[in-house]
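Visitor: I'm new to this one. Could you show me around?

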Amino acid sequence: MDNRYLENVIQEMEPFFKENGFKETDGVYKNDKKAVAVEYSDERQMYLLKTADIQEDGSFELTEASCWLFDDSQNAKDAVAVGIDFVSTIKSQLGIKQIRANTALNAIDLPTATKDGSYNITAFTKKMLDVFPALKDEYKAHVAHYGNFLYLNFFGEKLVPLIKAVLLENNKKNVKKLFDVFQNAYLQGDRDTVNVIVAVVAAACVKDDAVKANAVAALGDNKHFIDSVTEFIPIVSSNKKLSASLLK
């Protein structure tokens with residue numbers, strides 16, 4: 001993979017650099033406290049964030065502070081997410097609060113259904129927040145933290161454990177309520193939405209035969225959905241990018 005998206009990562013980070021007095025020299029961004037560099041490792045298929053504290057004599061030694069799996073299946077939009085995450089890491093190191101005054105939780109809107117009735121990631125997210133109301137505050141905190149909605153990471157951290165818990169409890173009413181949403185979204189959702197639904201259900205089933213059996217039972221006679229999930233389970237386990245996003 002070449003570094004054609006490195007500029008997208010840096011572009012996402014540049015407003016933060018400017019706001020905090022970072023100047024670039026030979027690919028290293030420095031202010032009076034911190035040095036920062038972003039690199040891509042072909043061997044590891046990862047973007048690497050390297051940082052260092054600047055000593056009184058101006059010297060520093062960069063060490064890896066964060067990494068983000070990024071292979072040939074990803075694009076410029078995914079590179080933006082890398083920049084957002086790296087800025088979050090630098091803020092944490094500098095002791096900068098993640099929630100800015102203009103992104104207070106009560107100022108962040110929850111996702112709504114699309115006006116044209118199309119079923120996309122936003123519409124699916126709204127449905128999940130309706131099924132699990134506790135996720136509404138988590139959603140706002142996530143957006144406030146990252147300045148954007150990184151849906152695969154959010155679903156991996158917050159939604160997959162809830163799906164697994166519902167399937168383990170196997171309360172028929174609760175399972176039906178959740179899987180009615182999945183079934184409907186699987187039929188009506190756009191391509192990204194269908195892929196995400198399959199991914200989160202499969203992730204909940206990884207290394208748990210009881211959860212998998214209950215998921216298959218919940219999908220009833222929808223053989224296409226069942227096959228999609230069961231075939232995707234080993235992919236979630238073996239794909240580094242998906243594992244990092246969906247298995248927390």
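Visitor: Which helix gives the largest share of the lining of the largest pocket?
Guide: This is a predicted model, where local features need pLDDT of at least 70, side-chain atom pairs count only at pLDDT 80 or more, and totals for chains, interfaces and linings use all residues. Residues are numbered from 1 along each chain as its sequence is written, and side-chain values use heavy atoms, leaving out hydrogens and water. The elements giving two or more residues to this lining include β5 (63-69), α2 (76-94) and α7. With seven residues, the largest share comes from α7.

Visitor: How do the residues of that lining divide into nonpolar, polar and charged?
Guide: The pocket is lined by 39 residues, and among those nearest its centre are Gln74, Asp78 and Tyr151. Sorted by kind, the lining has 22 nonpolar, nine polar and eight charged.

Visitor: Which residues is Phe182 in contact with, leaving aside its neighbours within four places in sequence?
Guide: Phe182 is one of the residues with the most contacts inside the largest core. Taking contact as heavy atoms within 4.5 Å, its partners beyond those neighbours are Phe124, Met128, Ile163, Ile197, Val201 and Phe225.

Conventions
A nonpolar core is a set of buried Ala, Val, Leu, Ile, Met, Phe, Trp, Tyr and Cys residues joined through side-chain atoms within 4.5 Å. Buried means under 20% relative accessible area, exposed over 50%, partly exposed in between (1.4 Å probe, protein chains only). On a 1 Å grid over the protein atoms alone, a cavity is a set of points where a 1.4 Å probe fits but cannot get out, and a pocket is an open set with protein on both sides within 12 Å along at least five of seven lines; lining residues have an atom within 4 Å of a point. Helices (H or I, at least four residues) and strands (E, at least two) are DSSP runs, numbered from the N terminus. Ala, Val, Leu, Ile, Met, Phe, Trp, Tyr, Cys and Pro count as nonpolar, Asp, Glu, Lys and Arg as charged, and the others, Gly among them, as polar.
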